[in-house]
Amino acid sequence: NGSLFSSLNVLSPLQALRHMPSLQLTTEEELIKWRTGRPQAIARNRLQSACEPQFLTHPQESQFISVINSSSEVVGIGAWSQSSDLQPKVVFNALG
């Protein structure tokens with residue numbers, strides 16, 4: 001019965017991951033690399049701090065971040081290293 005679920009308040013994935021730093025993939029090439037599970041170099045100044053739209057200046061060595069697309073939808077969770085590498089760990093809607 002759909003009426004039972006219509007009264008539930010469900011958090012969006014983006015709201016549920018607000019406690020994590022985030023990174024927005026802005027190009028089709030970045031999104032394809034992400035969706036195929038390939039690591040990629042991303043400029044450090046593109047990381048945003050958790051719960052606030054501030055850019056991180058000193059991200060920790062190897063931390064997990066939420067990854068979003070240009071439509072502000074969560075596309076997964078990645079591991080970030082201080083060498084500016086983004087390694088996919090959980091990929092939603094993966095290719096291949």
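In which sense, parallel or antiparallel, do strand β1 (residues 22–24) and β3 pair? The views below take up this pairing and its surroundings in a predicted model.

**View 1. Strand β1 beside β3 in the predicted model.** Strand β1, spanning residues 22–24, pairs with β3 in the parallel sense, and the two are joined over three bridges. Within this pairing Ser22 stands opposite Ser66 of β3, while Leu23 faces Val67 of the β3 strand as its opposite residue. Strands of a sheet pair through backbone hydrogen bonds, in either the parallel or the antiparallel sense.

View 2. Strand β3 is mostly covered, with five of its six residues buried.

View 3. The strands form an open sheet with mixed pairing, in the order β1-β3-β4-β5-β2. Strands β1 and β2 (40–41) are the edge strands, each of them pairing on one side only. Helix α3 lies across β2, β3, β4 and β5 (85–91), and the helix runs at about 55 degrees to β5.

**View 4. The largest nonpolar core.** Eleven residues make up this core, among them Leu31, Trp34, Ile65, Val67, Val75 and Trp80, and the elements that contribute two or more residues to it are α3, β3 (63–68) and β4 (74–81). Apart from this core lies another, of five residues, which include Leu17, Met20, Ile68 and Val74.

**View 5. The surroundings of Leu86.** Leu86 belongs to the largest nonpolar core, and, when neighbours within four places in sequence are left aside, its contacts include Leu23, Leu25, Trp34, Ile42, Ile65, Val67 and Trp80. Also in contact with Leu86 are Arg38, Pro39, Gln40, Gly78 and Ala79.

**View 6. Confidence along the chain.** The protein chain averages a pLDDT of 83, and 81% of the residues score at least 70. Among the elements of the chain, helix α3 (residues 28–35) has the highest mean pLDDT, 96, whereas helix α1 (residues 2–6) has the lowest, 57.

How values were computed:
Residues numbered from 1 in each chain as written. Predicted model: local features only at pLDDT ≥ 70, side-chain atom pairs only at ≥ 80, totals over all residues. Heavy atoms only, no water. pLDDT = per-residue confidence, 0-100. Helix = DSSP H or I, 4+ residues; strand = E, 2+ residues; numbered from the N terminus. Core = buried A, V, L, I, M, F, W, Y, C linked by side-chain atoms within 4.5 Å. Buried < 20%, exposed > 50% of the residue type's maximum accessible area, 1.4 Å probe, protein only. Contact = heavy atoms within 4.5 Å. Pairing = 2+ DSSP bridges. Axes fitted to C-alpha atoms, helices over the stretch in contact; angles between N-to-C directions.
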